[in-house]
Amino acid sequence: MDLGIQNVNKAFGATAALSDVSLTIRSGELIALLGPSGSGKTTLLRLIAGLESPTAGQVFFGDEEASGKPIQQRQVGFVFQHYALFRHMTVLENVSFGLSVRPRESRPPKREIEMRARDLINMVQLTGLEHRYPAQLSGGQRQRVALARAMAIEPKVLLLDEPFGALDAQVRKDLRHWLREIHDQTGHTTVFVTHDQEEALELADRVVVMNEGRIEQIGSPDEVYDHPVVPFVHRFIGEASELPVWMDHGQIWLADQPTGLACDQSGEALLFFRPHQVELVEDASPCLVGKVMASRRMAGTRRLELAVGTDGHHVELDIPLAHAAGQQQEIRFRPQVFTLFPLMETGRPLTRPNGARVLLPRSRARGALRHYEPSCS
């Protein structure tokens, strides 16, 4: 089942939760709505489900406009963060519930309902637990029951709201692999909400990055991680360091110091790079220079926090464990991969290569100028 969200707005009183949101979801896709708290992702999911109505705009199920239809007529399966299982019902009764309460004319025979429920219980790997009650199950098992119950009604669309949010890290990891396998088996059109970037990148076919009621970027996990189109996405997905720079005569400058990085534009920009996409510079060629402010072990690497430039901008980079780095030691480095976001007027002082300091009215970063890979000149 294809889904279409067209120019949707949603306000709660004077508060805008969604602003002109449009999104097309293809049948059989697994889509992640990713963003911080208050970004509008759960509101969008509830609009798809029919739990909320848009203030403006339309929701389509296939070619059918569904904005005014209640949840009962949309045939969606909904899985909540906190399971919402019936405590007085067994696993089998919980999974059977959606079919057993259908109107008589569309309700399958009792035997067929039980067979379908048992098949789903087997699919979610809970065979043998049919007669247990929710209180007798672990958190991960309860969430599997909730998913089986949602799938029992043969939904056109499966919606999951922070489905693993109440579980510990290892259980979350195990269930992520399991959910992807279930999705590939069933082929449901699936939309899930999460604030966990690792979860979104690992599970989804496409990621919808949201912020303040708007969609910032839509793309595959590789696209949103490797090619963020606005600074928010670069900051929110993965780890990133940023520096205010000046582009002039094919070079990138930090204050009045050349960085050894090349570009083909001029003007003010924000330079973004990932801690692991950095090389140490041993010679005297132009590069970025920082003093070590902190050092900590990060699995197989060492994470350094550096103060860079005369204004002491803090950045992070990963270096091999064998490389010694003491407090206040000077580290010379150069990003191997970086993204530039040209700025319109920023409202903060910037030292240009000629030493002049300027202060321009405040504005915001435009879209990414270019993703440089490799970037060294």
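Reader: Which elements do the buried residues of helix 5 pack against?

Author: In this predicted model, where local features need pLDDT of at least 70, side-chain atom pairs count only at pLDDT 80 or more and totals for chains, interfaces and linings use all residues, they pack against strand 3 (30–34), helix 3 (110–123), helix 4 (139–152), strand 7 (157–161), strand 8 (189–194) and helix 6 (197–203), contact being heavy atoms within 4.5 Å. Residues are numbered from 1 along each chain as its sequence is written, and side-chain values use heavy atoms, with hydrogens and water left out.

Reader: What makes residues of helix 5 count as buried, and which are they?

Author: Buried means under 20% relative accessible area, with a 1.4 Å probe and protein chains only, and the residues of helix 5 that are buried are R172, L175, R176, W178, L179, R180, I182 and H183.

Reader: How do you know that the span of helix 5 agrees with its number of residues?

Author: The expected span is 1.5 Å times one less than the number of residues, so the 18 residues of helix 5 (169–186) should span 26 Å, and since the end C-alpha atoms are 26 Å apart, the two values agree.

Reader: What makes the lining of the largest pocket divide into nonpolar, polar and charged residues?

Author: Ala, Val, Leu, Ile, Met, Phe, Trp, Tyr, Cys and Pro count as nonpolar, Asp, Glu, Lys and Arg as charged, and the others, Gly among them, as polar, which gives this lining 11 nonpolar, 4 polar and 2 charged residues. Strand 6 (76–79), helix 2 (91–100) and helix 4 each supply at least two residues of that lining.

Technical notes
Helices (H or I, at least four residues) and strands (E, at least two) are DSSP runs, numbered from the N terminus. Buried means under 20% relative accessible area, exposed over 50%, partly exposed in between (1.4 Å probe, protein chains only).
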